[in-house]
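I opened this notebook to record what I looked up in one protein model. Confidence comes first, then local geometry, then packing.

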Amino acid sequence: MGDEPQQGRSYNVLPGTKMGVVTVDHLEKIAEVARKHEIPLVKVTSAQRIAFAGHPPEKVAEIWRDLGQAAGPKKPVGIHYIKACPGVLWCKYGRQDSLALGDKLEKALFSMPLPAKTKVGISGCPMNCCESYIRDLGIFGMKKGWTLVFGGNGGGVPRIGDVMAEGLDDEQVIELAGRCLKYFAEHARKFERTGRFMRRTDLETFKRAVGL
Ligand code: SF4
């Protein structure tokens with residue numbers, strides 16, 4: 001997350017929120033800062049975050065300060081966001097706890113340097129509300145565990161990801177995700193997204209390389 005230049009004088013500030021989960025206190029702080037700085041656009045993004053946009057760049061540092069957060073933490077190119085649905089604790093269709101897995105996966109893999117922006121979608125059941133089949137790394141819950149999908153993309157050149165394994169527990173799915181990302185990091189071209197990488201990679205070779 002961070003402040004990224006937009007068109008003209010607009011800048012984005014993404015004041016927290018993980019997997020779309022917010023607290024009342026955080027919402028109040030966001031409202032207070034947005035009101036103080038007369039932020040032209042406050043937007044819930046497709047990545048389940050809240051964005052401020054339309055303010056001049058010279059205001060960015062002050063906005064972060066007022067939010068009480070470190071200004072736009074810089075991290076290497078890698079996991080861009082993890083989005084997750086409410087999962088089994090909060091949704092009647094849920095099979096697995098997607099929010100808990102999102103937390104664990106963030107701790108394990110978020111800082112891993114990767115060749116390109118990498119998006120993660122975790123859905124608590126096969127209804128796939130977090131579009132796991134079209135995320136670079138997609139995970140969805142079944143009664144017997146997690147299914148891991150790799151190499152999906154929902155952008156201009158969409159791709160359904162490849163199912164790598166099923167019936168995984170939390171630790172197994174994180175380990176396998178790590179091995180898939182490691183292979184991707186070692187073999188992809190700079191700025192090559194997983195979808196494009198998987199189009200030119202033999203699936204069986206990839207699976208063998210990640211221990212499947
Ligand atoms: S993916 Fe399943 S568990 Fe998650 S919100 Fe959708 S229906 Fe509910």
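The entries below follow that order.

**Conventions.** I worked from a predicted model, in which local features need pLDDT of at least 70, side-chain atom pairs count only at pLDDT 80 or more, and totals for chains, interfaces and linings use all residues. Residues are numbered from 1 along each chain as its sequence is written.

**Confidence.** I looked up pLDDT (the predictor's confidence in each residue, from 0 to 100). The protein chain averages 91, and 93% of the residues score at least 70. Over residues 1-6 the pLDDT is below 50, although this stretch has 17 contacts in the model beyond near neighbours in sequence; a contact requires C-beta atoms, placed from the backbone, within 7 Å. Where pLDDT is low, the predicted coordinates should not be read in detail.

I took helices (H or I, at least four residues) and strands (E, at least two) as DSSP runs, numbered from the N terminus. Strands E3 (residues 41-44) and E4 (residues 50-55) run antiparallel, joined by 4 bridges; pairing requires at least two DSSP bridges. Val-42 stands opposite Phe-52 in E4. In the turn of this hairpin, which has 5 residues between the strands, Gln-48 has a positive phi of about 65 degrees.

**Cores.** I defined a nonpolar core as buried Ala, Val, Leu, Ile, Met, Phe, Trp, Tyr and Cys residues joined through C-beta atoms within 7 Å, where buried means 20 or more other C-beta atoms within 10 Å of the residue's own. The largest has 37 residues, and Ile-82, Leu-148 and Ala-177 are among those touching the most other members. Helix H4 gives the most to this core, with 7 residues. Leaving aside neighbours within four places in sequence, Ala-177 is in contact with Leu-105, Leu-109, Leu-137 and Leu-148. A second, separate core of 7 residues includes Phe-52.

Note on methods
Contact = placed C-beta atoms within 7 Å. Buried ≥ 20, exposed ≤ 12 C-beta atoms within 10 Å, placed from the backbone.
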